[in-house]
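Let's walk through this structure together, one chain at a time. Have the sequence and the 3D view ready as you read.

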Amino acid sequence: MTTIEKTGAEPSARVEDADGGPLLEVRDLHVEFHTRDGVAKAVNGVNYSVSAGETLAVLGESGSGKSVTAQAIMGILDMPPGKIPQGEILFRGEDMLTMAPEERRKIRGRRIAMIFQDALSALNPVLSVGYQLGEMFRVHQGLSKKDAKAKAIELMERVRIPAAKERVGDYPHQFSGGMRQRIMIAMALALEPDLIIADEPTTALDVTVQAQVMDLLAELQREYNMGLILITHDLGVVADVADKIAVMYAGRIVETAPVHELYKRPAHPYTKGLLDSIPRLDHKGQELYAIKGLPPNLLKIPTGCAFNPRCPKAQDICTTEVPALAAVAEQDGTELPGRGSACHFWKETIHG
Amino acid sequence: MAETEKDDKAVDVTKATEAAAAPHGITEVTTVDAATEDEAVAALDAEVGSGEPILQVRNLVKHFPLTQGILFKKQVGAVKAVDGISFDLYQGETLGIVGESGCGKSTVAKLLMTLESATAGEVFYKGQDITKLSGRALRAVRRNIQMVFQDPYTSLNPRMTVGDIIGEPYEIHPEAAPKGDRRRKVQELLDVVGLNPEYLNRYPHQFSGGQRQRIGIARGLALNPEIIICDEPVSALDVSVQAQVINLMEKLQDEFNLSYIFIAHDLSIVRHISDRVGVMYLGKMAEIGTDAEIYDHPTHPYTQALLSAVPVPDPEAREGRERIILTGDVPSPANPPSGCRFRTRCWKAEDKCAKEVPLLAIPERFAGTDSLAAHESACHFAEEKDVVHA
């Protein structure tokens, strides 16, 4: 709370957040897409929450519903064909799904901002980056063009773009990939939001640049005490920055855990398989463990546990009963805080 | 266009014989002088013993001309995508090539495939310089060197069935399979890469990313090649599918006695699959050695920075590990820095680095020692530093 407040146009909303409740809470969210081939169930009952200053990593493969959940939170889902038949998205206790569009627009960008994966296609190629950054101030705070431009330069300096003053009039194609991603971060930070959703922010970048960008993001998050939802498929990035992790598979959360716990003792066969299937940098392994089969088709999610056709531990019960996200406990029964696993055989997986 | 080509030829390069004099790793090239095309083709079909060099690259250069003007194009500069690299590929091994985007690793792949013509330098395949071959001899080379591409979504023609895609190499090289036998061969290939042989008449869009990459691999295997060049073969795939494809590639290598050149930016995967690894930076080879030499005993600052930037999937390691965060981006290959190309981002750079181009050789201080640090590194101030282990 001791951070430098530079905007000053409005009192910062973070000060109210003294009760310690979660910033954002997603409850039993369902998203489906109505297509010509049938209904694709992209998200099937997702629950998670993020508090101020906390980093939640949502881990999953393509098609697991991690990005769709984020889009539903931001309210940028294409509807139709998308549909949210069920669920709540509570931001500071208020359900954003039942809110008037007017009110929701006030939250979007100002309170919750998003960083997209592909900065080149997320930025408008025919407008200068300064103009695009300034748009946030013009629209939300009614600043003049001149003031907005000054703010844009300030932002570019804050994300450490060299020679910001000279480059403010440049167009997106004149920047390198890493610099473009910094501009995306600057844009998300513009109004000092309470929560940032970063959807694969470094996937398109080289490792050396990825390290720069992740460092910057972590530093800014600390400075502003923001909540961060990091959506990624990279287990390495997650280990580096996350506080807690939610692993998604076929539109459900199959495991939640604090970061140290998950890597040490996974409680779901899917998580375990993922961890075993990545090669290591620090030693040369033997043959890689490979999860057999393919991720399921969302039009035809297998009955019971969606992972059962690929699971080495699958039994009859797995094809008939959907496992709920159950609390995970030690062998002697003491509950492990923050841990949950949606597997009928989590005991065997974690302790066996 | 013709004019620029003449210019390209004018670039001065050291001869292969001089490169052969370089120490360690780079072996001498025994060239084959084939007087007729028949002799050349026969020499290309000869067997190479395991552990012998099968492909020898010497001072390979590729400059893409930058032109100005519409009617009278004049060359105003060149993008130095590949600027003099030399390495050997041994029979049956996997050579990994890593580097950031824009360092020229994909251009190397295209040059080895003779999809691009080299500005200068030689690529010896079984003693013959393939950059100078043409006609039947070049076709024979292309049969033996195949490629697997990065993006399984765009490297397969959406209007062709899987059977036609995998069987297409036989149209160009009819000697590889008689016409009546092709269908059976294609089915065999599908089986080898782990796909149902009955999928012959399906189209690429009916397959997932991992399955498409298997189709790409089957196409690469169709002509029984000796070398497969893989350009980022798994970077478009999901983690769980990546492991399947990597395991398949390792299995096929044993089964068909293949040599791989494995180009990727994911350093963990490269370590897993490679016997030797080369690190490229801005068109030059910065460091090359066995996987343990490069990963456990890197001596080039760029390799150290690259390795330290890789996030390790172990949260325990995040406090203990030293991170070298490079500043800035890769300079433009059209106007690379003088001397050592890495000096603009290097924390060790001194005046010497701006003046003298460091040669790729075993650093003097390690020469003659048993240490794993004694491998080729192009740095004036090569120094061992373990950045991978916490």
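In chain B, buried residues make up 55% of the 390 residues; buried means under 20% relative accessible area, exposed means over 50%, and partly exposed lies in between, using a 1.4 Å probe and protein chains only. Before going further, please note that this is a predicted model, in which local features need pLDDT of at least 70 and side-chain atom pairs count only at pLDDT 80 or more, while totals for chains, interfaces and linings use all residues. Residues are numbered from 1 along each chain as its sequence is written, chains are lettered from A and ligands numbered from 1 in the order in which they are written, and side-chain values use heavy atoms, leaving out hydrogens and water.

Chain B has 14 helices and eleven strands (DSSP runs numbered from the N terminus: helices are H or I with at least four residues, strands are E with at least two). Its radius of gyration is 22 Å, close to the 21 Å that the globule rule gives for 390 residues, so chain B is as compact as a globular protein of that length. That radius is taken over C-alpha atoms, and the rule is 2.2 Å times the number of residues to the power 0.38. Of the contacts in chain B with a separation of 6 or more, 68% are accounted for by residues 24 or more positions apart; a contact means heavy atoms within 4.5 Å.

Now zoom in on helix α6 of chain B, residues 162-172. Its buried residues include Val162(B), Ile165(B), Ile166(B) and Tyr170(B). What covers the buried residues of this helix includes α7 (182-192) and α8 (209-221) of chain B.

Next, find Lys126(B), in the loop between β4 (120-125) and β5 (128-129) of chain B. Is Lys126(B) buried or exposed? Lys126(B) counts as buried, because its relative accessibility is 12%. Its C-alpha atom is separated by 34 Å from that of Leu237(B), 111 residues apart along the chain.

Let's turn to chain A. Here you can find 13 helices and twelve strands. The radius of gyration of chain A is 21 Å, close to the 20 Å that the globule rule gives for 352 residues, so chain A is as compact as a globular protein of that length. In chain A, 53% of the 352 residues are buried.
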